[in-house]
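Hi everyone, thanks for coming.

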Amino acid sequence: MTNRDVEAAWSYHDGTKHSWQSIHSDSHFLDFPNQPLPFKVYEELEPLPLPRDFSNTGVEALSAIAGRVGGAGDGELDLRGLASVLYYSAGITKKGAYPGGEILFRAAACTGALYHVEVYLVCGPLAGLEPGVYHFGAHDFALRRLRRGDYRAALVEACGYEPSVASAPASLVLTSTFWRNSWKYRARAYRHCFWDSGTMLANTLAVSTARGIEARVVAGFADGAVNHLLGLDTEREVSLAVVPLGKGSPGCPAPPPMPDLDLKTAPLSPTEVEYPAIGAIHSASSLATGREARAWRASAPGPSTKAASGPLKALQSLADGAGDTIEGTIARRGSSRQFRREAVTLPQLSTILHRSTQGIPADFLEPPGAMLNRIYLIVHAVDGLASGAYVYRREEGALELLDEGEMRRVAGFLGLQQALPADASVDVFMLADLPEVLDRYGNRGYRAAQLEGGIVGGKMYLAAYAQRLGATGLTFFDDDVTEFFSPDALGLSTMFLVALGKPARRRSRR
Ligand SMILES: Cc1cc2nc3c(=O)[nH]c(=O)nc-3n(C[C@H](O)[C@H](O)[C@H](O)COP(=O)(O)O)c2cc1C
């Protein structure tokens with residue numbers, strides 16, 4: 001099966017949809033004694049502790065989320081800057097208690113707090129760090145060296161000579177260990193790979209922007225070569241995205257030899273279950289060579305947009321400077337566990353929509369500013385905006401009313417019959433035109449559409465918290481969402497849902 005046989009993406013997507021029937025006929029239960037460890041722990045490698053005394057930029061979150069900060073791109077990537085990017089992307093920011101013990105919450109939201117996404121670093125010589133391939137250990141905030149030497153050239157080749165990777169002093173590589181999420185979510189965990197790396201990348205991009213470090217999301221790479229570089233056991237863990245950090249590297253030498261790695265890691269749980277649907281979609285969306293990755297990236301034209309036909313409500317945006325700093329925002333972020341049924345203001349909603357959709361620097365989003373997903377909303381309580389179903393017309397900076405009315409009950413249903421989407425002020429859904437995306441990008445486009453949903457959703461989390469509002473990602477009944485927003489959304493597939501509102505109370509966390 002190749003990337004162009006898009007039956008694989010359809011088969012995975014259709015086979016992992018939630019519906020009322022699928023949820024209510026499901027006998028899956030959580031086997032807590034077999035719950036996987038939420039960390040990858042290399043048992044025999046020395047930790048290289050990362051500095052914790054990185055200074056905060058104090059940059060206003062809403063500008064950083066939008067990717068707009070004066071002088072961006074001039075920041076030097078040193079060990080402190082890198083430590084800060086890692087901390088605010090994947091670090092432990094809070095601790096909480098639950099009946100089974102302690103839970104270590106991370107900087108970015110993650111389905112089920114299962115934290116299956118790992119971060120690696122491939123770097124040349126940096127101030128304070130020798131060239132090498134490293135793993136970031138969130139549990140002890142330390143790097144562990146997997147390979148010694150400058151291996152960037154191998155990554156550059158695997159990414160088909162993508163210029164941002166070629167000129168970067170360092171790149172992050174995000175991976176997922178499937179079992180750590182499929183333990184709870186089974187085959188749907190493959191979607192979560194991109195949702196959860198996406199929320200993390202929203203933080204990475206915002207913090208890098210704030211530090212003046214150029215960052216880009218590269219989804220086109222030769223999977224086998226990158227996985228080999230990191231020494232992954234690809235039956236269990238695979239690379240999801242490469243993120244070059246910084247620019248201006250004068251080039252990198254030919255990489256040293258790259259033997260197989262056989263590094264001992266702590267067992268995750270007594271037994272692991274494999275979900276063949278995950279392996280099937282992953283291999284069908286894999287690219288074999290850097291050359292293929294390069295051709296994949298060039299699969300223009302950009303996605304089509306649809307002209308508005310209904311009444312438009314112009315959005316109003318808050319000025320930058322109205323919110324918290326990016327570091328303060330990420331440190332405070334958490335998923336709201338309950339919403340008060342109270343209104344947010346139209347400028348608050350406008351700001352969230354506007355700042356989170358200013359364009360993601362990504363190899364699959366050309367021309368810059370393009371999006372694969374369309375944004376639909378159910379508005380329950382926004383001052384100055386009638387309750388109802390809307391579509392966000394980004395180009396017009398306006399919301400188009402699709403259907404007016406009180407919709408809390410149906411929103412609760414669409415969000416898997418949970419209270420959160422019913423009690424929120426607004427529910428934001430991202431839907432992609434999968435036939436178009438797959439036609440353009442093959443099965444790999446499926447990864448890209450899910451990833452974009454995660455990144456935009458992650459930005460919405462941050463834009464909400466920057467304004468002292470709450471947010472939570474949610475799962476959904478796939479086809480019911482499409483039907484609800486049709487005829488406008490006819491033929492679209494639901495990728496992501498985030499609920500926004502005023503949180504009812506704080507979870508006690510340290
Ligand atoms: C994509 C996504 C989907 C989520 N779905 C749900 C959901 O359906 N119900 C829910 O209560 N929480 C959901 N969450 C919230 C997670 O449970 C939460 O992020 C996790 O427990 C970590 O907590 P934190 O976000 O407060 O750090 C979701 C989060 C994400 C990122």
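Let me begin with a term: buried area is the accessible area, taken with a 1.4 Å probe, that two parts lose on being put together, summed over both. Please keep in mind that this is a predicted model, where local features need pLDDT of at least 70, side-chain atom pairs count only at pLDDT 80 or more, and totals for chains, interfaces and linings use all residues. Residues are numbered from 1 along each chain as its sequence is written, and side-chain values use heavy atoms, with hydrogens and water left out.

The domain assignment, which is an automatic or database one, gives domain 1 (31–255 + 273–297) and domain 2 (312–503). Their C-alpha centres lie 25 Å apart. Counting contact as heavy atoms within 4.5 Å, 50 residues from domain 1 meet 49 residues from domain 2.

How much area do domain 1 and domain 2 bury between them? About 4,200 Å², with 59% of it on carbon and sulfur atoms. On the domain 1 side, Leu62, Ile65 and Trp296 lose the most area to domain 2, together 18% of what that side buries.

Now for the charges. A salt bridge here is a side-chain nitrogen of Lys or Arg within 4 Å of a carboxyl oxygen of Asp or Glu. There are six between domain 1 and domain 2. Aspartate 363 sits in the loop between helix 13 (346–356) and strand 12 (373–379), and arginine 297 in helix 11, so the pair ties together parts that are 66 residues apart in sequence. Helices (H or I, at least four residues) and strands (E, at least two) are DSSP runs, numbered from the N terminus.

Are aspartate 363 and arginine 297 buried or exposed? Both are buried; buried means under 20% relative accessible area, exposed over 50%, and partly exposed in between, with a 1.4 Å probe and protein chains only. These two also belong to a network of salt bridges with Glu162, Arg216 and Glu366.

Aspartate 479 lies in helix 18 (residues 478–485) and lysine 17 in the loop between helix 1 (7–15) and helix 2 (20–24), so parts 462 residues apart in sequence are tied together. Aspartate 479 is partly exposed, at 43% relative accessibility, and lysine 17 is partly exposed at 24%.
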